[in-house]
Amino acid sequence: PHFMLTNAAMWCVGNALIYPTTYPVMLTGLVWCRRKFGHAPRYSCMASVVVIMGSYLYMSFLMGAVCGVIGIFAITKDLTYGVALLIITAVLAWWNYALFHRSTPAQRATAAQRGAHHPSEPSFEAFAK
């Protein structure tokens with residue numbers, strides 16, 4: 001049961017806090033590539049491949065680091081790893097909030113008056129062209 005609970009904790013953290021952040025990070029990078037290298041398709045394609053590989057590297061690194069902390073904490077029961085796990089979970093929860101928080105109608109109206117796109121709303125117009 002100890003092994004199964006540890007794997008379940010790793011699975012839950014990964015599915016709830018790590019995997020959902022991969023595509024917003026990737027799409028933000030792809031939009032940047034399109035804006036920066038849109039006039040040069042070869043550079044845009046190469047940069048996009050690097051962004052995609054980097055996004056999956058980011059996801060894999062986070063999953064490995066979090067699973068390592070969970071695994072060591074489950075084995076040693078060391079308070080240091082428990083505190084580290086709490087901090088990592090809080091940071092990942094904040095990161096998810098930052099990526100997925102939607103602005104209020106008042107914030108969108110203010111941004112529209114300025115002619116600006118509100119930063120909490122995804123902007124993928126570059127792919128619509």
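This is a predicted model: local features need pLDDT of at least 70, side-chain atom pairs count only at pLDDT 80 or more; totals for chains, interfaces and linings use all residues.
Residues are numbered from 1 along each chain as its sequence is written, and side-chain values use heavy atoms, with hydrogens and water left out.

**Exercise 1. Work out what surrounds T22, and whether T22 is buried or exposed.**

Step 1: take the accessibility. T22 has a relative accessible area of 1%. Buried means under 20%, exposed over 50%, and partly exposed in between (1.4 Å probe, protein chains only). So T22 is buried.

Step 2: look for partners, setting aside neighbours within four places in sequence. T22 is in contact (heavy atoms within 4.5 Å) with S55, Y56, Y58 and M59.

**Exercise 2. Describe how α1 and α2 pack.**

Step 1: The chain has four helices and zero strands, giving the pattern α-α-α-α along the sequence. Helices (H or I, at least four residues) and strands (E, at least two) are DSSP runs, numbered from the N terminus. Helix α1 covers residues 2–37 and helix α2 covers residues 41–76.

Step 2: pick the right numbers. Two packed helices are described by the angle between their axes and the distance between the axes. For α1 and α2, the angle is about 160° and the axes are 8 Å apart. Axes are lines fitted to C-alpha atoms, for helices over the stretch in contact, and angles run from 0 to 180 degrees between N-to-C directions.

Step 3: name the arrangement. Angles under 35 degrees count as roughly parallel, over 145 as roughly antiparallel, 65 to 115 as roughly perpendicular and the rest as oblique. α1 and α2 are therefore roughly antiparallel.

Step 4: The α1 and α2 crossing is right-handed; the rule is that the near helix is turned from the far one by less than a right angle, clockwise for right-handed and anticlockwise for left-handed.

**Exercise 3. Now do the crossing of α2 and α3.**

Step 1: helix α3 spans residues 79–100, and its axis comes within 9 Å of the α2 axis, crossing at roughly 150°.

Step 2: α2 and α3 are therefore roughly antiparallel, and their crossing is left-handed.

Step 3: check who meets whom. On the α2 side, the residues include L62, V66, I70 and F73, and they meet a set in α3 that includes L85, I88, L92 and W95.

**Exercise 4. Sort out the aromatic pairs.**

Step 1: count them. The structure holds four aromatic pairs. Rings of Phe, Tyr and Trp (its six-membered ring) pair if their centres lie within 6.5 Å; planes under 30 degrees apart count as stacked, over 60 as edge-to-face and the rest as tilted.

Step 2: Y23 lies in α1 and Y56 in α2, so the pair ties together parts that are 33 residues apart in sequence. Y23 is partly exposed at 46% relative accessibility, and Y56 is partly exposed too, at 33%.

Step 3: W94 counts as exposed at 53%, while W95 is partly exposed at 27%.

Step 4: finish with the cluster. Ring pairs link W32, F37 and Y43.
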